[in-house]
Amino acid sequence: MTFGPSSLVPKKKNMHRRRFLKTGLASVAVGGLLRGVPLVAAPPTKDLTVTKIDRVTVKVPFRPAPDRNMAREIPHWKYSEICTVHLQSGHQGHGETLLYYTWGVTSDEDVKNALGKNAAAIMWDDSLGAGLQMALFDAVARACDVPIHSLLGHQVHERTPLSWWNIDTYPEDMAAECKLAYSQGYMAYKTKGRPWFDIYDQMDLATKEVPPEFKIDMDFNDTLLNAELAMPIVKALAEYPQTDIYESPIPQRDIPGNQAIRKATRVKIAMHYGTPPPKIAICKGVCDGFVIGRGASALLASANVAAVADMPFWLQLVGTGITAAYSLHFGGVTSHSTWPAVNCHQLYTHQLLKEPITLQDGTAAVPTKPGLGYDIDWEAVERFRVDKPAARPDPPRLVEVSWPDGKKIYFNHLGGVNFVLVPCGKPDVIPFYVRGVKTRLLSDDGSAEFQDLYERSRKGPLTI
């Protein structure tokens, strides 16, 4: 029995980019350029039947520094769902869904449809959602007594790079987090560039704590708006030797603007795979590499295109240590996942693994034990277990942004997910990357002042 579509595994030797541009992406789809997946010894088909699926919701606390900063816009990242698949053989597999930030949530209907099916026959179905698909791969791999990466394709890396992640933080927190990351073997830190923080103050403090070879990647989420506005910032930040990658500095669909930025700086440009379409992104030279994630089938198909085009990327699969462990297997079989992966498990007080993922010189070992290669810490799961929320938790919050000239703007959580980011992705909402800008989260202290600001900011950003 063979597991996995044979057209999903990259060759060791990539087609030259010029030939790729002539051939286009169509040839990748038919698999003519790619080799097949190695055979994996499998148990009898009936033993792979899914007999039961359990799901448990956990609320895992953030460490203090991430907690101070995640509390502003995305406190709901504390909620994960652990999925366990039971097979007829007696083997179990485990997966995780970060409930309110994922490429796909596993539904009750997905669980119902998976019951009674051969796990190997359905594990490539991305529509099943993150947690269930991961658990299926883990279960099948354990039943076959092989690590998950043996089901994904030919292993090309024994170690794979990881990045330490934080949302935009107070400058002091960013410096402390970079120092902590470096002390734990990380050589890369990824964060957000935001006009409501002084990015120069952030970089000044952070770069004092790490050597030049430690790299800092900054995701702007389009907030540099356009190439003309972006140029002074991308050039100034490039003066720090640690600055390595800019992600989505301006809207990715702005092809001339991204081309101009890429030509103007030594810093590499990363874009989420898919916008603009990959053939255009590659042919037009709008970026140096990609951000690739989603389900197993989509991920490996995207990784193939990057490999054929000879373009690096980082894996972005987000959750606790369970998801990070799963990501390591994709790092093992994708030749061009050479940029540090973003898994965000460093946010939490516990990885939910009995043995944590450790790094040396910026890389972690690709697991060699069966399945995920890591065991779940079920005592921790039970400790953090909660009832699944009926909807995304959204406690009342106000974010105050202030500038040296005395101007203040208040953002209300009722603006939805990313209620500060979304408005600031438009011109003239907020002063553009001004030095000395400060941000703080206001607590609902029951005061008349808080209530007044809260009510007045219900309809949108409130300027005072």
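I began with the interface between domain 1 and domain 3: about 570 Å² is buried there, and carbon and sulfur atoms give 59% of that area. Buried area here is the accessible area (1.4 Å probe) that two parts lose on being put together, summed over both. On the domain 1 side, I found that Ala 71, Arg 72 and Glu 73 lose the most area to domain 3, together 79% of what that side buries.

A note on the source: this is a predicted model, where local features need pLDDT of at least 70, side-chain atom pairs count only at pLDDT 80 or more, and totals for chains, interfaces and linings use all residues. Residues are numbered from 1 along each chain as its sequence is written, and side-chain values use heavy atoms, with hydrogens and water left out.

Next I looked up the bounds, which come from an automatic or database domain assignment: domain 1 is 49-147, domain 2 is 159-375 and domain 3 is 397-463. The centres of domain 1 and domain 3, taken over C-alpha atoms, are 36 Å apart.

Then I checked contacts (heavy atoms within 4.5 Å). Six residues of domain 1 touch nine residues of domain 3.

I looked for salt bridges (a side-chain nitrogen of Lys or Arg within 4 Å of a carboxyl oxygen of Asp or Glu), and the count between domain 1 and domain 3 is zero.

Last, I turned to the UniProt record. Its unreviewed entry annotates residues 171-268 as "domain: Mandelate racemase/muconate lactonizing enzyme C-terminal"; positions follow the numbering used here, feature names are shortened, and annotations may be inferred rather than shown by experiment.
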